[in-house]
Amino acid sequence: MKAIRRISVRPVLPEPLQPLSELAHNLRWAWDPGTRELFRDTYPKGWEAAGGDPVRLLGSVPADRLVELARDRRFLRRLTAVVKDLREYLEQPRWYQREGDGRNGRERPRAIAYFSPEFGITEALQQYSGGLGILAGDHLKTASDLGVPLIGVGLLYRRGYFRQSLSRDGWQLERYPVLDPHEMPLELLRENDGTPVSVVLALPGGRSLCAHVWQARVGRVPLLLLDSEVEENDRAEREVTDRLYGGGDEHRLLQEMLLGIGGVRAVRAYSRISGHPEPEVFHTNEGHAGFLGLERVRELAVLGRGFDAALETVRAGTVFTTHTPVPAGIDRFDRDLVARHFGDDAELPGIAAEQVLRLGTENHGGGDPGRFNMAVMGLRLAQRANAVSTLHGTVSREMFAGLWPGFEPAEVPVASITNGVHAPTWIAPEVPRDPARLADGELWELRRTLRGQLVQEVRTRLHASWRQRGAVRAELGWIDGVLDPDVLTIGFARRVPSYKRLTLMLRDPKRLTELLLHPERPVQIVVAGKAHPADDGGKRLIQDLVRFADDPQVRHRIVFLPDHGIGMAQKLCPGCDVWLNNPLRPLEACGTSGMKAALNGGLNLSVRDGWWDEWFEPDFGWAVPSADGATAPDEDRRDDIEAAALYELIERHVAPRFYDRGPVGGEVPGRWIEMVRQTMARLGPKVVADRMVREYVERLYAPAALAHRAMDTHAAEELAAWKARVRARWSGVVVDHVEQAGSASASLELGGSLALRVRVALGGLRPDEVEVQAVAGRVDESDVLTPGETVRVPLKPSGGPDLEGRWTYEGPLALDRTGPFGYTVRVLPAHRLLAGTAELGLTAAPRDDVGLSGGAAGALVG
């Protein structure tokens, strides 16, 4: 019979064991080996059944075992030591506090709120789907280790993402087990009188959406998760947080309103109750949380600040991170749907729906004015934005260039901070602190140990998968021979959208089979990944891979493991010798799974996309040639070319190096081990999240905090009024004459200079409100300046205005490069509170008929 209601009964721990509860409810155990070992020894038989989750474990320990532990002095001494270590971790100054004592300490924000639709902290908290969530989880863990005063904000999905299994014929199946927050390492956020904190959003038609707030303790960092499964809600509203990335457009819109608007209200409640400093900086991790900026505008409007001034205050302290390299990866809604949920009859009363729509409407070149774009809103609500790798920064600036017309893509204000991974989470416990100091034989034995652990993990998971597919034990004896701890092992695990090309390795099945079964240099491959439940194309890719792997001829050399998650990745990434990544370049924003492998000595075999594009060296692995660019062939032909290159690399370079054991009788592949050593010693320090979070602090959080403090009421009103005035008068800003003093020759010498005089009508603006620049560089045969290679030279006003109110600007232009050289001039708005000259997206350049004297604007420099 099925129970009509589920309740959670908590164990009563004996007094000496009470600190176990404190340890279980701080997720630092997810990356602290000492704490995990303590819990494992608490009840060894129950540890594996609990999935390594201390909260579940404590609910299963028999009463007699608890009595025994309460009397075990050795265990109690260990418990005391682990609790002391946690408390010191939470209380003692760390990098952020130590740096804060120095010269730059006052620039650091007192607190940062970090919003993300998903967080991958541990398997015990199934609130993630893939790389975005894992990255967010690693960001929080690293902020905790460094002492960065972060508050995480997300949603609590009662059914998580989904658990994946396979049908007999290899089709992906999804199930959504109910997740009970009372059985998870969570605590309900309560008011001082004990009542749950309630966050309420107004919906059209007089309805409301209510949410409670659950708190997870991620080391020093609180993570607030909003939950709409509360009695005050009707059924439809209860289901708003039912699952991650589920439902139709309105369901997604309500999730994102709850995350952004409700999330800000949850942060305010948390700070009020706990005494935590109010955030000075708000970080929007992808566009899903973009509505947080609107809620902050509303807060200021309640205090009497006008919309435009409030917007400037909000922008100053907001950071926006984009993770997608393609427009299709951005959430977009119908304008009418958004309009229905804002305004006096719904949320954010006092802010007109049209003001909301203006922030997200795709009214730029190439956009659809009927769509509301969450990334566009995120960029318009943030003064600082970044992509997640150097190449992704280039792609993002080109993708969003329409928001800054008149500027080169290189000038679009989207920086890049390359992602990193949390080393304590992803480095296997067997790897020593300084593995590069191991002797060759010791390093090789370490790699074999990790590979052997992966082989055992694969066999266990494969057996469970086949049982789910309907096989009986008697027909699964072959699994005991799957994989070999002495065979070159390649890993591939990630989400399964088409651009990641799960099945590129199957392009030539005969060639792949030959690689797998090579008599002297065999290869084995472990594959994992989930397709979105609505993506039948992705499911077909999985089915194709599974059907190939089911073939008795090769099934001992290639496997597909369902239900990829953190637990699997913690075995898969360390255990593979080579990590494979073959996306369509440049569609991988960063891709961090290969970083996790590298920390454990795994070599990368990847298309030069994402992080691998900037950090690839032959010492660290191999680059799969890609056939992208303006002359790229059609997609099928491109896949053929790149698959052939992949086979060639494995057959002629990767496998021979792995199996090259040197002199006869040699046991260690010396050249391979040297690559492992170089990867761990030189690449490892680059890919860690410590480096990433420090960059966020120094390059984005600290400047945003300073801008936020400078944007007081007077400054915000001044800046808003100035922007309105500049926009209104900008059509009158005209460059009407450019004069080049000196030689009129079209051939000049390197090292010389040109004296420029530019006459500009300012349309009623003052000279200190603009910047006049000469923009120079090499030109092509059509006299177009080469994008990304130009220099910008500010010109200075000379004297006062002429009788017609026009100003003259002058300055030298150095001739610092040879070949065809050209220049133009332009005028940009300038204000001390702008983050950059491109912020308003306004520029004035000479018209085609502008007056020019003293020589050509293009010259040959010899």
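The legends below describe close-up views of a predicted model.

**View 1. Helix α27 and its buried side.**
Helix α27 covers residues 713-729, which makes 17 residues. From its first C-alpha to its last it reaches 24 Å, close to the 24 Å expected at 1.5 Å a residue. Its buried residues are Ala715, Ala716, Leu719, Ala720, Trp722, Lys723 and Val726. These residues lie on the same side of α27, because they cover an arc of only 165° around the axis. An α-helix has 3.6 residues a turn, so residues three or four places apart point the same way. On the face turned away from the buried side, α27 carries the exposed residues His714 and Ala728. The buried residues pack against three elements of the structure: α12 (307-316), α26 (689-710) and β27 (819-829).

**View 2. Helix α20 and what covers it.**
Helix α20 has 14 residues, which should span 20 Å at 1.5 Å a residue. The end C-alpha atoms of α20 are 20 Å apart, in agreement with that expectation. The buried residues of α20 are Gly538, Lys539, Leu541, Ile542, Gln543, Leu545, Val546, Phe548 and Ala549. Their cover includes the strands β3 (163-166), β4 (172-175), β16 (523-528) and β17, together with helix α19 (509-516).

**View 3. The largest cavity.**
A search of the whole structure finds 8 cavities of 30 Å³ or more. The largest has a volume of about 80 Å³. Its lining is made of 13 residues, and those nearest the centre of the cavity are Leu462, Trp466, Arg469, Asp550 and Phe560. By class, the lining of the largest cavity divides into 9 nonpolar, 1 polar and 3 charged residues.

**View 4. The second largest cavity.**
The second largest cavity has a volume of about 60 Å³. The residues that line it are Pro117, Leu155, Tyr157, Leu244, Tyr245, Arg252, Gln255, Glu256, Leu259 and His288. Helix α10 (residues 249-274) gives the most to this lining, with 4 residues. The lining of the second largest cavity contains 6 nonpolar, 2 polar and 2 charged residues.

Ser593 belongs to helix α22 (residues 593-599). With a relative accessible area of 12%, Ser593 is buried, because it falls under the 20% limit. Not counting residues up to four places away in sequence, Ser593 touches Ala493, Arg494, Cys573 and Trp579. Ser626 sits in the loop between β20 (621-624) and α24 (635-659). At 28% relative accessibility, Ser626 counts as partly exposed. Leaving aside neighbours within four places in sequence, Ser626 is in contact with Arg585, Val607 and Glu642. Ser626 and Ala645 are 19 residues apart in sequence, and their C-alpha atoms are 8.6 Å apart in space.

**View 5. The peptide bond between Arg585 and Pro586.**
The bond from Arg585 to Pro586 is cis, with omega near 5°. Most residues other than glycine have a negative phi, and most peptide bonds are trans. Pro586 is placed in the loop between β18 (578-581) and α22.

Leu348 is not a glycine, yet has a positive phi of about 60°. Leu348 is found in the loop between α13 (335-340) and α14 (353-360). The relative accessible area of Leu348 is 0%, so this residue is buried. Arg501 has a positive phi of about 55° and is not a glycine either. The loop that holds Arg501 runs between β15 (488-493) and α19. Arg501 counts as buried, at 5% relative accessibility.

How values were computed: Residues are numbered from 1 along each chain as its sequence is written. This is a predicted model: local features need pLDDT of at least 70, side-chain atom pairs count only at pLDDT 80 or more; totals for chains, interfaces and linings use all residues. Side-chain values use heavy atoms; hydrogens and water are left out. Helices (H or I, at least four residues) and strands (E, at least two) are DSSP runs, numbered from the N terminus. The expected span of a helix is 1.5 Å times one less than its number of residues. Buried means under 20% relative accessible area, exposed over 50%, partly exposed in between (1.4 Å probe, protein chains only). The arc is that of the directions from the helix axis to the C-beta atoms. Contact means heavy atoms within 4.5 Å. On a 1 Å grid over the protein atoms alone, a cavity is a set of points where a 1.4 Å probe fits but cannot get out, and a pocket is an open set with protein on both sides within 12 Å along at least five of seven lines; lining residues have an atom within 4 Å of a point. Grid points are joined across faces, edges and corners, and a volume is the space filled by probe spheres set on the points. Ala, Val, Leu, Ile, Met, Phe, Trp, Tyr, Cys and Pro count as nonpolar, Asp, Glu, Lys and Arg as charged, and the others, Gly among them, as polar.
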